[in-house]
Amino acid sequence: MICPMFRRFFTLLLSLPLLLGLALPCDAAELQLSGVRLDPCGEQDPGNQPDLSRPVGASCYVLTGDVENSSRDSVVDTDVYARILDASGEPVLPNRTRVGSIGDVNPGQSQFALRISVPAGTPGPFEIKNARARGFKAPVRTRVDADDDDLLPLERGINLDSLPG
C-alpha cells in the first residue's frame, strides 16, 4: 500500500520541474530607447482626424525615437512601454504603460514610430517617462501580411518626413 503512494509522490516530484519549465515565458529581450518624443500627427497622416465640433474625441500623436538592439539576432513582436504625462503631471493613458508595438527590430540602431490617441483637450506639453521596449527571440503573435489594405489606419506605416519639427 505504501509503495504505490510513494511511487506517485516520486513521479509528481520528478515531473513538477518539467511542468514548471513549460510554463515559463519565452526568452524576452530588453531594448534601449533614446531620443523619445511625442509630436502631433501630420495633416496627411491616416490616423489624423479633423477637429470635432463637440468636446469628445481624440487627438493623433506619433511617438518617435531610436531603438538599439545590441544582440546579434532580430527581436520580434517588440512592444514599447512608457508613462506619458500631461502638463499637470497626470497620466495621459491612465492604467496603461504599453503604448504600442513596433514589430521586429534588427540588430543595431534604428528609428521607430507609432501612433497614439490622446484624449481631446489633454493639456500639453507632454513628458515621457520610463520609456523602454521589450520583444522576443521568436514570434509570439500571429503574423499579418504587410499589405496596407488589411491594416487599420492607425496600424499603417508612419511617414517620418511628414512630422512637424
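Student: Why does Cys60 count as buried?
Tutor: Buried means under 20% relative accessible area, exposed over 50%, and partly exposed in between (1.4 Å probe, protein chains only). Cys60 has 8% relative accessibility, so Cys60 counts as buried. This is a predicted model, where local features need pLDDT of at least 70, side-chain atom pairs count only at pLDDT 80 or more, and totals for chains, interfaces and linings use all residues. Residues are numbered from 1 along each chain as its sequence is written, and side-chain values use heavy atoms, with hydrogens and water left out.

Student: What makes Cys41 and Cys60 a disulfide?
Tutor: A disulfide is a pair of cysteine sulfur atoms within 2.5 Å. Here the S to S value is 1.9 Å, so Cys41 and Cys60 are joined. The pair links distant parts of the chain, 19 residues apart: Cys41 sits in the loop between β1 (28-40) and β2 (58-69), Cys60 in strand β2. Strands are DSSP runs (E, at least two residues), numbered from the N terminus.

Student: Is Cys41 buried or exposed?
Tutor: Its relative accessible area is 9%, so Cys41 is buried.

Student: Why is the pair of Tyr61 and Phe126 called edge-to-face?
Tutor: Rings of Phe, Tyr and Trp (its six-membered ring) pair if their centres lie within 6.5 Å; planes under 30 degrees apart count as stacked, over 60 as edge-to-face and the rest as tilted. The centres of Tyr61 and Phe126 are 5.2 Å apart and the planes stand at 85 degrees, so the pair is edge-to-face.

Student: What makes Tyr61 buried?
Tutor: Tyr61 has 17% relative accessibility, so Tyr61 counts as buried.

Terms used:
Helix = DSSP H or I, 4+ residues; strand = E, 2+ residues; numbered from the N terminus.
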